[in-house]
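Biologist: I would like to learn how to read a protein model. Could you take me through one, feature by feature?

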Amino acid sequence: MIYIIDHKDSFTFNVVHQFSLFDKVECDDYSEIREDKLNKASTIIFSPGPGSPKDYKTTSKIYKRFKNKKKIIGICLGFQQILHCEGGKIIEQNKIYHGYQSKIKVVSRNSLFMKNTNFVVGRYHSLKLKEPFNAKNFDITMRCVNSNVAMAIENNKEKIYGFQFHPESFLTINGNLLIKKILSA
């Protein structure tokens, strides 16, 4: 079972729909997280949402508690939440990407995806990871072709994955392929 924590975002039910193509999905609002569902889930998803990671202290606690015990996937704010918990600094970008389609590239040989593969993705974010970022077992695996901003992270050892972009967006080409590959890792 996949448990999605909804950070009160309008995209969350698109995320629910996408992940339900691959497994049973349960979803609860950030303010109503259920302990029994956290324990039952094989995968925990941190949804997109407004604000910044520091606004979601409960999600940080969940991350630290289940890291290396369950697969964790973060999307947009969820991606930033993982980075924040790993000591990364999340900052405002000069350009805001809300409803933008961008080309990204796989830049790491350690990725589940073949190096130098390109994807077209939908972006909805005003924050980004400040680099350099160095956390044990984490690789920045995808970057925006134009801005070089980090677009995906993978920690294949502890089964932690994150996308700055929205794989569930209609602007993302092959979003289901991305999710299927991460869920089967």
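Modeller: We will go through a pocket, a helix, a serine and the cysteines. This is a predicted model, where local features need pLDDT of at least 70, side-chain atom pairs count only at pLDDT 80 or more, and totals for chains, interfaces and linings use all residues. Residues are numbered from 1 along each chain as its sequence is written, and side-chain values use heavy atoms, leaving out hydrogens and water.

Biologist: How much space lies in the largest pocket?

Modeller: Rolling a probe the size of a water molecule over the atoms shows where empty space is left. A pocket is an open set of points on a 1 Å grid over the protein atoms alone, where a 1.4 Å probe fits, with protein on both sides within 12 Å along at least five of seven lines. Its volume is the space filled by probe spheres set on the points, which are joined across faces, edges and corners. Here the largest pocket holds about 190 Å³. It is lined by 15 residues, and Gly49, Cys76, His98, Tyr124 and His125 are the closest to its centre. Lining residues have an atom within 4 Å of a point.

Biologist: Which element supplies the largest share of the lining?

Modeller: Helices (H or I, at least four residues) and strands (E, at least two) are DSSP runs, numbered from the N terminus. β6 gives the largest share, four residues. Both α4 (77-85) and β6 (118-130) supply at least two.

Biologist: Is α4 mostly covered or open?

Modeller: Buried means under 20% relative accessible area, with a 1.4 Å probe and protein chains only. In α4, eight of nine residues are buried, including Leu77, Phe79 and Gln81. Gly87 follows α4, and its phi is positive, near 90°.

Biologist: What is Ser60 in contact with, beyond its neighbours within four places in sequence?

Modeller: Contact means heavy atoms within 4.5 Å. Ser60, in helix α3 (residues 57-66), touches Gln81, His84 and Cys85. Ser60 is buried, because its relative accessibility is 9%.

Biologist: How many disulfides does the structure have?

Modeller: A disulfide is a covalent bond between the sulfur atoms of two cysteines. The cut-off is a pair of cysteine sulfur atoms within 2.5 Å. The search finds zero.

Conventions:
Buried < 20%, exposed > 50% of the residue type's maximum accessible area, 1.4 Å probe, protein only.
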